[in-house]
Amino acid sequence: MSLLDEITSENTKPRHDCMVCFCIRDMSREDSAELVSCLADATYTATSIARVLNARGYPIHVEGKQIRRHRKMCI
Ligand SMILES: [Zn+2]
């Protein structure tokens with residue numbers, strides 16, 4: 001791997017560990033598409049999305065902080 005390749009790969013790494021992005025990658029294509037559209041739609045509250053993900057066993061806190069961070073940092 002060239003130096004350029006190494007720097008490029010370092011540069012495209014996510015800048016933070018986002019559990020919501022992890023959920024999107026982990027889910028089926030259908031579920032993740034629905035999650036992405038809910039995340040993009042402000043009428044779905046962070047807490048309601050968080051409660052559902054938590055109930056499905058993902059390490060998402062029900063108070064929705066990770067959802068709000070994802071909406072701010074990742075979209
Ligand atoms: Zn994210």
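How many of the twelve residues of helix α3 are buried? In this predicted model, the count is zero, and α3 is accordingly described as hardly covered.

The largest nonpolar core holds eight residues in all, namely V20, C23, A46, I49, A50, L53, I60 and I67. Helices α2 (19-26) and α4 each supply at least two residues of this core. The largest share, four residues, comes from α4.

Helix α4 (residues 46-55) also packs against helix α5 (residues 65-73), their axes coming within 8 Å and crossing at roughly 115°. The crossing of α4 past α5 is right-handed. On the α4 side the contact is made by A46, I49 and A50, and on the α5 side by Q66, I67 and R68. By residue class, the contact divides into four nonpolar, one polar and one charged. In an α-helix, residues three or four places apart point the same way, because there are 3.6 residues a turn.

When residues up to four places away in sequence are not counted, A50 touches I60, H61, V62, E63, G64, Q66 and I67. Among these partners of A50 are I60 and I67, both of which belong to the largest nonpolar core.

How values were computed
Residues numbered from 1 in each chain as written. Predicted model: local features only at pLDDT ≥ 70, side-chain atom pairs only at ≥ 80, totals over all residues. Axes fitted to C-alpha atoms, helices over the stretch in contact; angles between N-to-C directions. Left-handed = near helix turned anticlockwise from the far one by under 90°. Contact = placed C-beta atoms within 7 Å. Nonpolar A, V, L, I, M, F, W, Y, C, P; charged D, E, K, R; others polar. Buried ≥ 20, exposed ≤ 12 C-beta atoms within 10 Å, placed from the backbone. Core = buried A, V, L, I, M, F, W, Y, C linked by C-beta atoms within 7 Å.
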